[in-house]
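Please look over the model shown here before reading the notes that follow. They are grouped by topic and are meant to be read with the structure in view.

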Amino acid sequence: MNSYYADLHIHTVLSPCGDLEMSPGNIVEQAVEKGLDIIAVTDHNHTGHARLTRELGARKGIWVVYGTEINTREEVHCLTFFDTDEQLSVFQQEMDHNYVKMPNDTSLFGYQVIVDEGEQIVEEISFSLYPGLNWSIEEASEVVHKLGGLFVPAHVDRTMNGLFAQLGIFPDDLEVDAVEIWRKSSREAAKMEYPELKPYTLIQNSDAHYLDDIGRAGNRYLMKGRNFKELGMALRGEEGRLVI
Amino acid sequence: MDQSGEERGIIEVKANKMNVEEIVKVLGLEVYTNCDLVSRNVNGGYVSDLLSDVMGHAKEGEVWITLQSHINVVAIASMKELAAIVLVKGIEPGKEVVEKAEEEGIPLLGTMDDTFTLSGKLFQLLR
């Protein structure tokens, strides 16, 4: 097995709360500096910066996993990961049909912009990416899995938009590939407080909104290679693949 | 000089509590489940959309007013032995949520009112 250091929860400037410095180029540079082998771009309810970040990451030897941090109807935040351009496009279309659209007040929530390689703004998303999509958490998991993606409830033990705060208990029929706990928690403490977590791989990520935050949490993934199939196996703890 | 109720000849009788069926009738609530309403006494109400908060703070016999229609509301209402769940703003529960509520014997109710309005009405009714 090879060992890869990964931070799978990073916001770009496209997220309303993401710092203006969080351009794909800067994020990749910072990831190199922090010694990361794998990162995922996980903006709130949008995939707009995934492709450019992957392109720039590839030039620097970093594998950028396509992703989002979606907000469900119950206001539970969940990470989604995808492999191909095709999956990413279809997932974006699915979200397009399920936004609860209200205008984004930039003075309150910040800018939601997509930039190009030269850091020029090419698009501004005018509706707020903050509200929950019109999917229950189970529906969201189903959409993601049907497309061949991975589904990981985010910071489940955090008060703000964590699964346990919003839903009280882990839903019986929810299919997940792993579970993210807050970067400041420990796996032992989380499993003690929520015994329902015992069967799952628990991961921790930076949830970076500022450049300096990138890599402040992450995990080592023991896998045969840096590809999506291996990532899924590691998250599910299959055939010797592991997250440590 | 103030007199106590007893001195004024008033005898306090412990009132019978209202049950869920009576509340449904008075407030004109929708009933999504087919389960017994009469046997469920109402001790009060609780308003929250955070299920963890309800787990921690709602008390037995309370009517829970919420906009969350996730299936976990049933599990938590059952765990806390709540009298009923009321979904606000015309939010309708999914089929599997209704089935689970019937299985647990928890009345699942609905209203077109928002949370503030329904809470006010229920508060008036129970005070």
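In this predicted model, A:R236 and A:D177 form a salt bridge in which the closest N and O atoms are 3.0 Å apart, a salt bridge being a side-chain nitrogen of Lys or Arg within 4 Å of a carboxyl oxygen of Asp or Glu. Because A:R236 lies in helix α8 (residues 228-236) of chain A and A:D177 in the loop between α6 and β8 of that chain, the pair ties together parts that are 59 residues apart in sequence. Helices (H or I, at least four residues) and strands (E, at least two) are DSSP runs, numbered from the N terminus. Residues are numbered from 1 along each chain as its sequence is written, and chains are lettered from A and ligands numbered from 1 in the order in which they are written. As the model is a prediction, local features need pLDDT of at least 70 and side-chain atom pairs count only at pLDDT 80 or more, while totals for chains, interfaces and linings use all residues; side-chain values use heavy atoms, with hydrogens and water left out.

**Salt bridges**

- A:R236 counts as partly exposed because its relative accessibility is 36%, whereas A:D177, at 8%, counts as buried; buried means under 20% relative accessible area, exposed over 50%, and partly exposed in between (1.4 Å probe, protein chains only).
- Helix α8 of chain A also holds A:E230, whose partner A:R241 lies in the loop between α8 and β11 (242-243), 11 residues apart in the chain; the side chains of A:E230 and A:R241 meet in a salt bridge with an N to O distance of 2.8 Å.
- Both ends of this pair are covered, since A:E230 is buried with a relative accessible area of 9% and A:R241 counts as buried at 8% relative accessibility.
- Salt bridges that share partners also join A:E55, A:R59 and A:E117 into one network.
- The side chains of A:R158 and A:D207 meet in a further salt bridge, at 3.9 Å from N to O.
- This pair links distant parts of the chain, 49 residues apart, with A:R158 in the loop between β7 (150-153) and α6 (163-167) of chain A and A:D207 in the loop between β9 (202-203) and β10 (219-223) of chain A.
- At 25% relative accessibility A:R158 counts as partly exposed, while A:D207, at 12%, counts as buried.
- Over all chains, a search of the whole structure finds 12 salt bridges.

**Backbone with positive phi**

- Most residues other than glycine have a negative phi, and most peptide bonds are trans.
- A:N45, which is not a glycine, has a positive phi near 55°, and its place is the loop between β2 (38-44) and α2 (50-59) of chain A.
- With a relative accessible area of 1%, A:N45 is buried.
- A:H155 likewise has a positive phi, of about 25°, although it is not a glycine, and it lies in the loop between β7 and α6 of chain A.
- A:H155 counts as buried because its relative accessibility is 4%.

**A strand residue in chain A**

- A:V179 lies in strand β8 (residues 179-180) of chain A and counts as buried, its relative accessibility being 0%.
- The C-alpha atoms of A:V179 and A:K191, which are 12 residues apart along the chain, are separated by 11 Å.

**Chain B**

- Chain B contains 5 helices and 5 strands, and from the N terminus on its elements run α-β-β-α-β-α-β-α-β-α.
- Of the 127 residues in chain B, buried residues make up 43%.
- B:T66 lies in strand β3 (residues 62-66) of chain B and, at 0% relative accessibility, counts as buried.
- A polar atom of the side chain of B:T66 lies 3.3 Å from the backbone oxygen of B:S48.

- A:E33 has its place in helix α1 (residues 24-33) of chain A, and at 63% relative accessibility A:E33 counts as exposed.

Notes: Polar contact = N/O pair within 3.5 Å; in protein donor to acceptor, adjacent residues only side chain to side chain.
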